[in-house]
Amino acid sequence: MRLTLAITALLLAAPAAAQDYVLQLEYETDTKGDEDGSTSSASGRQAMAERVISVTPEGTEVEYSLPFDPEEIRGNERWMFPARMLIAPDGAKTILNTEEILARNAVWLAEAKWTRDVCSRSGFSWTAYQVRCDPEAAIEAVEMNGMQPGRIAEGQPFALEGALGPVVLVRSGEHEGRTVLTGRGPVDPAFVREKDARAALVMAEITRKTLTLEDAKAKAAGITASGTLTVTFEIDAAGLVWRREDRSEITLAGASLSNGTTRARQTVTRLPRAEWDRQQAEDEAEAETADPMADPNPEAEGVEIEAAAEVQ
């Protein structure tokens, strides 16, 4: 009897075959300036492939990659992925293929005729970016685009980035047979000041101006921030997250880069890989039928043009 129970538990803990998903990220931001009444907005989409390899009491082994032709990938992501990680029950991630990632980074630097001196430097294409050379950058990319943490439950405190302390996830409804959990908390002004200081340093580096971290923090010290951050999860009976939505409405005063109110929404939806592939094929077919010469991503082009104009 004990042997039967042990075998049953093992079968439930580990999938019979790798499970393939795509984490589809959509974001939009609207900002209104207090002083001149100016408005701006940005939106876009991106995706990350997730393969669940095994589930054990120690954690879940997952491989992350990008669901695109490798030749279409540019920037840091060309060498970061695929990245295999062990995700502990508390959401902590450990990279399992560090040497492989470092080898790809070395090739990437050589192809660009760069030395490691460029690592951690900031640059600008259609948006600001930082050259990264450390494997841990893959974890940051996954957490930005993924479903952290892997499995959650009602009543669990959740460390929502930017909030003043953990938020408690409470049941707020159901959707398509899944439980909806929501956590809400006030924004942490210290987080906003730190973010403003870091952004000022990046902008100074891009525009080749001199600015120290101490000076950037001093300029950000007078920033006041108020607002609310909200996170919503849709989870199944096993606690697997199928959808996550983050919303924020923050009003700033005294910021070096912007004053006013910013409303932002970011949604990550988990899709079986086959379903994502089907949707992509349908979207491409529809675009070709409408206009074979149409830009497949006009929103990204609009953001690129707007960002380039601001730098000039």
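Biologist: On what basis are residues numbered and values computed?
Modeller: This is a predicted model, in which local features need pLDDT of at least 70, side-chain atom pairs count only at pLDDT 80 or more, and totals for chains, interfaces and linings use all residues. Side-chain values use heavy atoms, with hydrogens and water left out, and residues are numbered from 1 along each chain as its sequence is written.

Biologist: How many salt bridges does the structure hold?
Modeller: A salt bridge is a side-chain nitrogen of Lys or Arg within 4 Å of a carboxyl oxygen of Asp or Glu. One network of such bridges links Arg-84, Glu-100 and Arg-104. The number of salt bridges in the structure is 17.

Biologist: Which residue forms a salt bridge with Asp-20?
Modeller: The N to O distance of this bridge is 2.6 Å. The pair links distant parts of the chain, 31 residues apart, with Asp-20 in strand E1 (residues 19-33) and its partner in strand E2 (residues 39-56); helices (H or I, at least four residues) and strands (E, at least two) are DSSP runs, numbered from the N terminus. The partner of Asp-20 is Arg-51.

Biologist: Is Lys-93 buried or exposed?
Modeller: The side chain of Lys-93 meets that of Glu-143 in a salt bridge of 3.5 Å, N to O. Lys-93 lies in strand E5 (residues 93-95) and Glu-143 in helix H4 (residues 136-145), so the bridge ties together parts that are 50 residues apart in sequence. Buried means under 20% relative accessible area, exposed over 50%, and partly exposed in between (1.4 Å probe, protein chains only). Glu-143, at 29%, is partly exposed, whereas Lys-93, with a relative accessible area of 14%, is buried.

Biologist: Which helix holds both Arg-198 and Glu-194?
Modeller: The closest N and O atoms of this salt bridge are 3.0 Å apart. The two residues are separated by four positions, about one turn of the helix. Both lie in helix H5.

Biologist: What is the omega of the peptide bond that joins Phe-81 and Pro-82?
Modeller: Most peptide bonds are trans. Pro-82 is found in the loop between helix H2 (77-80) and strand E4 (83-87). The bond between Phe-81 and Pro-82 is cis, with an omega of about 10°.

Biologist: What is the phi of Arg-208?
Modeller: Most residues other than glycine have a negative phi. Arg-208 lies in the loop between H5 and helix H6 (213-220) and is exposed at 79% relative accessibility. Although Arg-208 is not a glycine, its phi is positive, at about 60°.
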